[in-house]
Amino acid sequence: MAKMTGMWDAVLHPSGARCALLRTVARPSSSKTTPSLPEFILILSVMLLVPVQPASAHPQCLDFAPPFKPSWHLEFCTQYEEFGCCDQKTDNMIAERYWDIIDQLETAGHELCADMLKEIMCQECSPYAAHLYDAEDPYTPVRELPGLCFGYCSKFHGKCRHVVKYLTENQLLRDTSERDVATFCSVVDLSDQDYCYPNVLKSSDLNSNLGQVSEDPRGCLQVCLTEVANNLRNPVLMLHSGDGTHRMFIAEQVGFVWVYLHDGSRLEQPFLDMSGEVMTTPWLGDERGFLGMAFHPQYRDNGRFFIYYSIQVNSMLEKIRVSEMKVSAHDMNLADLYSERVILEIEEPAANHNGGQLLFGLDGYLYIFTGDGGKAGDPFGKYGNAQNKSALLGKVLRIDVDGSDSSGKQYRIPTDNPFLRDPEARPEVYAYGVRNMWRCSVDRGDPVSRYGRGRMFCGDVGQNRYEEIDIIVKGGNYGWRAKEGFECFDMKLCHNSSLNDILPIFAYSHHVGKSVTGGYVYRGCESPNLNGLYIFGDFMSGRIMALEEERTTGSWRERSVCMGETKTCSFPGLINHHHKFIISFAEDEAGELYFLATAYPSATSPFGTVFKFMDPSRRAPPGKCKQKPLPVKIRGKKLPFVPRELTVLDTNEKPTRPPPRKFKLTTKPTLTRSHDKPTTTAASETTTTMATSTRAAVKPKWKSPDKKAKKTNKLKPWKKKKVLKKQPTNAQTKKNSLKQKPKEQSKKTTVTKPVRDKVKPKIKQTESADLKSNALKSNSLKDNTVDKRKAALKPIGHQKNSTNFKESAKQNLNFMNKTKTNMNVKTNRTMQNKLQVKRKQTKNTRAL
């Protein structure tokens, strides 16, 4: 028995192509023939081999995307023009359907019910459309009518029930609309009364912060994630080349740099392999290795990029090296290993605090961030390396890499460097008092006003008590080792009147985390609510945090960020967990934000994963964030991305929607007969009913004068078949498919039901028991509750035909056994004849 929520036929709700991907429900077939065993095996194999592709993300709208503010005002569903799920194109399509229905009502002489009809049709534009149409669980069908609260439904039934047949081809809905009000309203009601119409408009909890980032009871901003890349060995950075291709380059600590294309695939050959030169170890937390990389601002034209890595000289002396390299002249996805030009080398007195950030500022100069040399408390010299401007450690360096000077250096000093004329300072120094800045970024500025553009944010790792976030300015002293965060570390240096240090914009204690990982100010397009937030994390605690600027005062306040609750992230492709050790943050060419984390922080452990931030509460209008990457010439092999992390839907044993309401029809309604010839068997009745349902789903009743709309309707069956192939699977169903025996397959082929009935999963006993009393056993709707992750793998006959199934299975087994016996007998006879012939020939030979 199908459960109550599955009684909805998965008819494509006439809303245009944008909703086509939503209906991930198995479509009933109109074929009456039972496939042969080879055909069945072929069908099953195809279903198992089709790759599963996640739908676009999320929670309110029917396309699983957060609602948005339309770019233009809406002419028809004007109540949702400020915030909702429809753009102007969808609004026009709904209006066109509405007037077609009104024309048919006038022709039939029915009451128009114009107001209620418009209200119901416009619910597709509601920011809570996914809830109204019961679409949160993508493995069950979507309603054709939105959930109506009982009071409103009663008025609709009493005044406008004749409209139902113009809104849907679903025979169940049509039949129940002609029955009593209690029956019809039980069918169209929602289990969660907060989301039925019009209650959804009145709930203060739902509408008070509509479109804002969701917050948990503690005020923590809830975000969801998607997995982008995996199987990486301590991924220390991810960056784009800024050349319009939207490729991402991910570097591993061991010295490999990989190319990831815009479609998510990775090139088999690495862009760069420096593993033979880079010094690193498998020790947990070792800070040495391949640490930094930056593409020249004119990389598209000159192919130059820069790298920062650890080396060891004569097995003793350790250094950090900054080099320039070029891309291969023959392959845009391959670096020229022979093009390396060493620009700068600095001796490292200890194994830790190696810095590692390289980036270009808006001024076109290269910024190099070095650590203080290591150990604890910066013990080198009288004041430590960080406060010593004649040392290159513990600094922010700025150099011009587009030339060389007369002294033999492979770079020039910018003429406006702050300590250029200080005889006690190195001219490369741009800022000092740095302990170990790990991950810095340049703010690309507000997309509209450009506010904040060019600011340089850094996370500086603390000593014993505090971690801090700084904004780098020319000539700034960031306090180490005199200060740690806002507090004094070295009392003598701290109280020195000449310190004149710049305080961090934010610091947190070691109760929160013990090793800051600097991030980015979000300036992307897809998640407008996150715009302007500086998002960063902590390596040791795995905590993600955000800072929000108060522009009038220039101060920053903390905004906690947490993974979305199960209800928030229970949509295709979304996850709400990540690995603990947050190594780095990243920004793609479009400004979308990512972070890189690992479950085991060793340079040789392939547990690194890249996650992308997704705000589930609001998105940009459709089409606004579309990118047109330049073509990438690929010479080698591409490796498709295979996600490893379980999505929230995979980890949930229960569906996201609440349990269905139970109701019982006292009498069986009269069903409309199909024009197909009726047969006496239950199987043929099922086939006939399901065929009728399929025809109803494919051919809308109303006629549209618009030719484009007609073309769209013709394409719908093809889209549904295309969607059918993308059914979710999981590891357990694959495991079960391997356990199936050939005998079971031969038994299943004897069932006189279509393949769609044979590929139904087991339904929980409690659900079937609750629904056995339901007299409305609509065969056309049974397939709609199929869990797509199991549908192709656990064939089961219906209880109603279990006896016939067993008998036919036995007959088939006997037939197979007889066939095998006959073949064995024939084989034995043939062998005996051959042996007799050979014996005669042997006797004749001997006689001769």
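Buried, in what follows, means under 20% relative accessible area, exposed means over 50%, and partly exposed is in between, with a 1.4 Å probe and protein chains only. By that cut-off, 55% of the 848 residues of the chain count as buried.

The model is predicted, so to speak of local features I need pLDDT of at least 70, side-chain atom pairs count only at pLDDT 80 or more, and totals for chains, interfaces and linings use all residues. Residues are numbered from 1 along each chain as its sequence is written, and side-chain values use heavy atoms, with hydrogens and water left out.

The overall count comes next. The secondary structure comes to 21 helices and 28 strands. Helices (H or I, at least four residues) and strands (E, at least two) are DSSP runs, numbered from the N terminus. Contact means heavy atoms within 4.5 Å. Of the contacts in the chain with a separation of 6 or more, 65% are between residues 24 or more positions apart.

Now the sheet. Strands of a sheet pair through backbone hydrogen bonds, either parallel or antiparallel. Here two strands pair if DSSP finds at least two bridges between them. In what order do the 8 strands of the open sheet stand? The order is β21-β22-β23-β24-β1-β27-β26-β25, and the pairing is mixed. The edges are β21 (516–521) and β25, each with a single partner strand, so one side of each is left without a neighbour in the sheet. On average, neighbouring strands of this sheet are turned by 35° against each other, direction ignored.

I will go through the β25 end of that order. Strand β25, residues 581–587, pairs with β26 in the antiparallel sense over 6 bridges. Within that pairing, Ala-586 has Tyr-594 of β26 as its bridge partner. The hairpin of β25 and β26 has 5 residues between the strands, and there Gly-591 takes a positive phi near 95°.

On to β26 itself, residues 593–598. Is this strand enclosed or open? Of its 6 residues, 6 are buried, so β26 is largely enclosed by the rest of the structure. In a regular strand the side chains alternate between the two faces of the sheet. For β26 both faces are covered: Leu-593, Phe-595 and Ala-597 are buried on one side, and Tyr-594, Leu-596 and Thr-598 are buried on the other.

The next strand in the order is β27, residues 608–614, which pairs with β26 in the antiparallel sense over 5 bridges. The bridge partner of Leu-232 is Gly-608 in β27.

Asn-231, found in β1, has a positive phi of about 60° although it is not a glycine. Asn-231 is partly exposed, with a relative accessible area of 37%. A second case is Arg-439 in strand β15, residues 437–442. Arg-439 has a positive phi of about 80°, again without being a glycine. Arg-439 is buried, at a relative accessible area of 4%.

There are also cis peptide bonds to report. One joins Tyr-197 and Pro-198, with omega about 10°; Pro-198 is in the loop between α8 (181–188) and α9 (199–202). The peptide bond from Trp-480 to Arg-481 is cis as well, with omega near 5°. Arg-481 lies in the loop between β17 and β18 (483–484).

Another loop residue is Asn-464, between β16 (456–460) and β17 (466–471). Leaving out residues up to four places away in sequence, Asn-464 touches Glu-484, Phe-489 and His-510.

Last, a helix pair. Helix α2 (residues 88–108) and helix α3 (residues 114–121) pack at about 150°, with axes 11 Å apart. Axes are lines fitted to C-alpha atoms, for helices over the stretch in contact, and angles run from 0 to 180 degrees between N-to-C directions. Angles over 145 degrees count as roughly antiparallel, under 35 as roughly parallel, 65 to 115 as roughly perpendicular and the rest as oblique. The two helices are therefore roughly antiparallel to each other. From α2, the residues Ile-94, Arg-97, Tyr-98, Ile-101 and Ile-102 meet Ala-114, Leu-117, Lys-118 and Met-121 in α3.
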